[in-house]
Amino acid sequence: MKAWTMIASVGAAGIAVLGVTMANTNPEQAEYEEYAVQRLTTYLKADVCKKTPNFLQNIIQVNCNKLVDSANPQIRDIISATTARQNYAIFSVYKTELKIDNLLPNYKFETVGAFDNFYTYKAEKQ
């Protein structure tokens, strides 16, 4: 019986330490926004800019990658305005619904923040 009590105590202490560690490493909203801006910027450059025909870029005299870089502050503002955070102390869930214009598709993202990292588990075009 004594060994069982000791195992239970060690287990409870381990769970408490894990909880404190998770609470201390639960990322804040600003960190999520930085993560989301970086992910969206990478997507725009890798996917959208690659699909823009070169002749179109030549006509309007705009480099798509530079345009995306210059829009970085606006992208952050949009993400900030369209994100709701649910804070559970040891982790957070971020729900972002990007709706920029009626002519463009909407996107919905759900991300978990824990241990100073983000894990996007849902990304869908609306």
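Buried means under 20% relative accessible area, exposed over 50%, and partly exposed in between (1.4 Å probe, protein chains only). This is a predicted model: local features need pLDDT of at least 70, side-chain atom pairs count only at pLDDT 80 or more, and totals for chains, interfaces and linings use all residues. Residues are numbered from 1 along each chain as its sequence is written, and side-chain values use heavy atoms, with hydrogens and water left out.

View A. Strands pair if DSSP finds at least two bridges between them. Helices (H or I, at least four residues) and strands (E, at least two) are DSSP runs, numbered from the N terminus.

View B. Strands of a sheet pair through backbone hydrogen bonds, either parallel or antiparallel. Take Arg85: its bridge partner in strand 2 is Tyr94.

**View C. Tyr32 and Phe118 form an aromatic pair.** Rings of Phe, Tyr and Trp (its six-membered ring) pair if their centres lie within 6.5 Å; planes under 30 degrees apart count as stacked, over 60 as edge-to-face and the rest as tilted. The count by this rule is seven aromatic pairs. The rings of Tyr32 and Phe118 are edge-to-face. Their centres are 5.8 Å apart, with 65° between the planes. Which parts of the chain does the pair link? Tyr32 sits in helix 2 and Phe118 in strand 4, 86 residues apart. Tyr32 is buried, because its relative accessibility is 2%. Phe118 is buried too, at 16%.

**View D. Tyr107 and Phe109 are stacked.** The ring centres of Tyr107 and Phe109 lie 6.3 Å apart. Their planes are at 15°, so the pair counts as stacked. Are these residues buried or partly exposed? Tyr107 is partly exposed, with 24% relative accessibility. Phe109 is partly exposed, with 22%.

**View E. Four aromatic residues form one cluster.** Its members are Tyr32, Tyr35, Tyr94 and Phe118. Tyr94 is the residue that partners Arg85 by a bridge.

**View F. Arg76 joins Glu33 and Glu34 in a salt-bridge network.** A salt bridge is a side-chain nitrogen of Lys or Arg within 4 Å of a carboxyl oxygen of Asp or Glu. The whole structure holds five of them. Between Glu33 and Arg76, the closest N and O atoms are 3.7 Å apart. Glu33 lies in helix 2 and Arg76 in helix 5 (residues 72-81), 43 residues apart. Glu33 is buried at 9% relative accessibility. Arg76 is partly exposed at 25%. Arg76 also meets Glu34, at 2.7 Å from N to O. Glu34 is in helix 2 and Arg76 in helix 5, so this pair ties together parts 42 residues apart in sequence. Glu34 is partly exposed at 46%.

**View G. Asp69 and Lys45 meet in a salt bridge.** The N to O distance is 2.5 Å. The pair links helix 4 (residues 64-70), where Asp69 lies, to helix 2, which holds Lys45. The two residues are 24 apart in the chain. Asp69 is partly exposed, with a relative accessible area of 40%. Lys45 is partly exposed at 25%.

**View H. Ala89 and Asp116 have positive phi angles.** Neither residue is a glycine. Phi is about 70° at Ala89 and about 60° at Asp116. Where do they lie? Ala89 is in the loop between strand 1 and strand 2. Asp116 is in the loop between strand 3 and strand 4. Ala89 is partly exposed, with a relative accessible area of 48%. For Asp116, also partly exposed, the value is 48%.
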